[in-house]
Amino acid sequence: YYNTIIIHFMKKLFIIPFIVLTTTLISCKSKVNDDNKNFAIPQQECPEGINLIPMYGHAKKCQAQLDADKKFIKHVLQNYGTLKDGAVEHIRMGWQYFGNHNFETAMKRFNQAWLLDSLNADVYWGFGCVLGKQGQTDEAIEMFDRSISIDPNNPFVYKNRSTAKNKKYNETNNIKYLDEARAD
């Protein structure tokens, strides 16, 4: 008889703290979730317009953009065999758009080529030409310099850099740019 009473009493002692503990934990969890809303990682926004800036503006891409890059690279490998060959084709397309005065699309193609092969000097030459047409002379000169540092044997890049430096001279009247343009 005493065993039954003790067991019954023990059950009550166990059940009541269990219910109290469970209720407390549930309310604490709810409170923690409410408090952590302020510390939740926000949905990463996709930076817009980065495909109109050389090298995508070195922006941190969102997941959707990274996924698009992976899909693009897969497409290039399937269609051109190598990233370098794909880059050459996208540079060709960039020049085609550039020649048609479609500078935004040209920049997009040069960016795609850069994504595929950032060591291709012609990518930077393309960036420089587009930037020059957009009136960004300093940035254009920087891109021509990058192109030349990778491949110093393209005379057209020197010609374009010289033109940009002449423009910079006309903007600033700083003889330094005229001397540099003559040196090219």
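**Close-up 1. Threonine 137 in helix H6.** Threonine 137 belongs to helix H6, which spans residues 137-150 (helices are DSSP runs of H or I with at least four residues, numbered from the N terminus). This is a predicted model, in which local features need pLDDT of at least 70, side-chain atom pairs count only at pLDDT 80 or more, and totals for chains, interfaces and linings use all residues. Residues are numbered from 1 along each chain as its sequence is written, and side-chain values use heavy atoms, leaving out hydrogens and water. With a relative accessibility of 3%, threonine 137 counts as buried (buried is under 20% relative accessible area, exposed over 50%, partly exposed in between, using a 1.4 Å probe and protein chains only). Setting aside neighbours within four places in sequence, threonine 137 touches Ala164, Lys167, Lys168 and Glu171 (contact means heavy atoms within 4.5 Å).

**Close-up 2. Helices H3 and H5 side by side.** Here you can find helix H3 (residues 83-99) packed with helix H5 (residues 121-133), at an angle of about 20° and with axes 10 Å apart (axes are lines fitted to C-alpha atoms over the stretch in contact, and angles run from 0 to 180 degrees between N-to-C directions). H3 and H5 are therefore roughly parallel to each other (angles under 35 degrees count as roughly parallel, over 145 as roughly antiparallel, 65 to 115 as roughly perpendicular and the rest as oblique). On the H3 side the contact is made by Ile91, Trp95 and Phe98, and on the H5 side by Asp122, Val123, Trp125, Gly126, Cys129, Val130 and Lys133.

**Close-up 3. An aromatic pair within helix H3.** Tryptophan 95 and phenylalanine 98 sit 3 residues apart in helix H3, about one turn of the helix. Their ring centres are 5.6 Å apart and their planes meet at 85°, so the pair is edge-to-face (rings of Phe, Tyr and Trp, the last by its six-membered ring, pair if their centres lie within 6.5 Å; planes under 30 degrees apart are stacked, over 60 edge-to-face and the rest tilted). Tryptophan 95 is partly exposed at 24% relative accessibility, whereas phenylalanine 98 is buried at 16%.

Close-up 4. Tryptophan 125 and phenylalanine 156 form a stacked aromatic pair, 6.3 Å centre to centre with 10° between the planes. The pair links distant parts of the chain, with tryptophan 125 in helix H5 and phenylalanine 156 in helix H7 (residues 155-172), 31 residues apart. Tryptophan 125 is buried, at 14% relative accessible area, while phenylalanine 156 is exposed, at 52%.

Technical notes: Helices (H or I, at least four residues) and strands (E, at least two) are DSSP runs, numbered from the N terminus.
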